[in-house]
Amino acid sequence: MRFDILCGVPALLKGPFNESILKRAQQKNLVKIIIHDLHDYAYDKHRKIDDVPFGGEAGMVLKPEPIFECIETLKRERTYDEIIYLSADGERFQQSLATEFSLKQNLIFLCGHYKGVDERVREQLITKEISIGDYVLTGGELAAAVVIDATVRLIPGVVSNAESLLNDSFQNMMLDAPSYTRPAEFRSMKVPEVLLSGDPQKIAVWRDEKRLEKTKQRRNDLIN
């Protein structure tokens, strides 16, 4: 699977994609993550990618020319399933959307900055707009990293124990059960005996009960 990320501050993305599971997924050629600096598509003297908004509003807006050129160049090379813009007023990102994206082949992510992008970009190029929550970031780079992280881990072969994904929070609209590891007793705090019983059926029943209990307590909206 291929991800193309268009942004104005590519340095923000170097860390998240070069560590841990995302790094190994790229090393195993399960995913390709290509970061495009929009400044490379700006041809004025200062390689400027933003300008003041018309109408006197405060802030800066990403110009349409570099974005159109970059996306049109990529589209001439391959077909993309979606061209996604990270925006505070987009569709709320959820686990179900991560699952949907993990089945695609090629995705473009456009990261806004400051006051966002020229509206003509959204009208002509963007096929889906996504928000990762009801708050505003300085740019879309970190939001893109969140969405891609959640998506990549669902691609077959990325996580060595795929069974663990089935019980993740928000899979089947439930929160995950509590987890424990060694030692079995720490500062007089003991691991629930059922987890030490070696009885898979009893453990499965316990986990289901805890999932339901936690979901009712913390995210009852998921059940309703």
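Biologist: Which exposed residues does the face of α7 turned away from its buried side carry?

Modeller: Those are Gln 201, Lys 202, Glu 209 and Gln 217. Keep in mind that this is a predicted model. Exposed here stands for over 50% relative accessible area.

Biologist: And what makes the buried residues of α7 a side of the helix?

Modeller: The buried ones are Ile 203, Trp 206, Arg 211 and Thr 215. They cover an arc of only 160 degrees around the axis, so they sit on the same side of α7. What they pack against is α8, residues 220-223.

Biologist: How do you know that the span of helix α7 agrees with its number of residues?

Modeller: Helix α7 runs over residues 200-218, which is 19 residues. At 1.5 Å a residue it should span 27 Å, and its end C-alpha atoms are 27 Å apart, so the two values agree.

Biologist: What reaches the backbone nitrogen of Gln 201 at the start of α7?

Modeller: A side-chain oxygen of Asp 199 does, coming to within 3.1 Å. The cut-off for a polar contact is 3.5 Å, so this pair is counted as one.

Biologist: Why is Cys 7 called buried?

Modeller: Buried means under 20% relative accessible area. Cys 7 has 0%, so it is buried. Cys 111 has a value of 0% too, so Cys 111 is also buried.

Conventions
Residues numbered from 1 in each chain as written. Predicted model: local features only at pLDDT ≥ 70, side-chain atom pairs only at ≥ 80, totals over all residues. Heavy atoms only, no water. Helix = DSSP H or I, 4+ residues; strand = E, 2+ residues; numbered from the N terminus. Expected span 1.5 Å × (residues − 1). Buried < 20%, exposed > 50% of the residue type's maximum accessible area, 1.4 Å probe, protein only. Arc of directions from axis to C-beta. Contact = heavy atoms within 4.5 Å. Polar contact = N/O pair within 3.5 Å; in protein donor to acceptor, adjacent residues only side chain to side chain.
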